[in-house]
Each structure stands twice: as C-alpha cells, then as structure tokens.
Amino acid sequence: MIHICFNENHKNINSILESEIRKLGGEKTNKTNLKCYMTSYECHKLSKSFKNFRDYVLSIIKDNLKCKLNLCMTNIWGAIYKKGEYAISHDHSGDRCVFSFVYFVNVTKECSPLIFQNIEKPWEDNDTIIIPENGKLVIFDPKLQHYVPPQNVDHERVIIAGNIDSELSPQKITYQ
C-alpha cells in the first residue's frame, strides 16, 4: 500500500518546517539508514510546528485512508540530503508501526526520488519511483523496502519522515 496526497497549505508551512529541522540539529546524522543530516526521532515533542504537522498526518490517515484505529505518532524526524548523500535500502517493520510516511518539504523534481523496491519479484524491474514535489505526502506500509539514491544535484533535499502506531499489532493490520 502506497498512498500519495498533497498538502494544499504547503507554501505556508514548509518554510517553517524547514527552519525547525535546521534549528533542531543533526542529532542522528549518518547514524541511521539515512546517510545525511537527520534530527532526533522526537521532533513532535520538541517543536510546536512538528506537533501541528503530526496532527495533520494523523488526520490525513483517518480521513483519506478511512482508518478507524486509534493512532499515535511513534516518531517523526527531519532530514536534509546534500549532494552525494543517500538512504540505504530499509523498511520500518521493526519499528512497531502500522503506517510510515515521507513528506517533501523543500525539493525540486531533480532531487533524488524515493524508491520502493519490488523485493518479491526483483527480476521484473518494476520498482515504484516517487518523484519529489513540495507538499507531497507519501504514506506507506512499513514493511515496504525503500531507499533514496545519492543526491546528484546541489539543491538540498529536505524531508520529514515518521512512523505511526495503533493499539493493534502490525500483524493484525491489512492493507488494501
């Protein structure tokens, strides 16, 4: 399951979110699957802007995906990819979550895409490639393997990502 929607208010909030990402600092830089600048996992506890963004993401899942579960944000972080930086292939299945997401804060279409790998049939070469676009929110099954190839342009690729949990275990959730 990959669900894509757009934040119609992105022009008003993205510059605020980017400023917060830079202000919060690169606590996890190069210490995770992301080989770039990365904030702590608890931005929603450190910033009112991130708390508001968390509420926006949760409302999108409840409204657009018709999710009836009681949801909570387990973690949310910001990342900035400079030229040459990337994210190794990974999934979020070990993070005890039912949804994961990536939101594009400050990108160009030339920035590195988000790529979901077809690990069940890799010989078919039909990975899902998400082209970055400011305001695009990508919500996905945390079991999906994904990565970001090295950033090949000088424009910094600024994103927010996170994981969402429910009272049910991930094994009891089905995706349509």
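**Note on the predicted model: strand 4 and its surroundings**

1. In this model Tyr37 stands opposite Ile80, a residue of strand 4. The two residues belong to a pairing in which strand 3 (residues 37-38) and strand 4 run in the antiparallel sense over 2 bridges, where two strands are taken to pair if DSSP finds at least two bridges between them.

2. The model is a predicted one, in which local features need pLDDT of at least 70 and side-chain atom pairs count only at pLDDT 80 or more, while totals for chains, interfaces and linings use all residues. Residues are numbered from 1 along each chain as its sequence is written, and side-chain values use heavy atoms, with hydrogens and water left out.

3. Strand 4 also pairs with strand 11 (residues 157-166), to which it is joined in antiparallel fashion by 10 bridges, and within this pairing Trp77 stands opposite Ala161 of strand 11. Of the 11 residues of strand 4 (residues 71-81), 9 are buried, so the strand is largely enclosed by the rest of the structure; buried here means under 20% relative accessible area, exposed over 50%, and partly exposed in between, with a 1.4 Å probe and protein chains only.

4. As for the whole chain, there are 3 helices and 11 strands, and from the N terminus on the elements run β-α-β-β-α-α-β-β-β-β-β-β-β-β. Helices (H or I, at least four residues) and strands (E, at least two) are DSSP runs, numbered from the N terminus.

5. The C-alpha trace of the protein chain spans about 45 × 40 × 30 Å along its principal axes. Buried residues make up 47% of the 176 residues, and residues 24 or more positions apart account for 81% of the contacts with a separation of 6 or more, a contact being heavy atoms within 4.5 Å.

6. The loop between strand 6 (99-106) and strand 7 (114-116) contains Ser112, a residue that is buried, with a relative accessible area of 4%. Which residues is Ser112 in contact with, leaving aside its neighbours within four places in sequence? They are Pro132, Val148, Pro149, Pro150, Gln151, Asn152 and Arg157.

7. Finally, the accessible surface of the protein chain comes to about 9000 Å², of which 48% belongs to carbon and sulfur atoms; accessible areas come from the Shrake-Rupley method with a 1.4 Å probe, and for residues only the protein chains shown count as cover.
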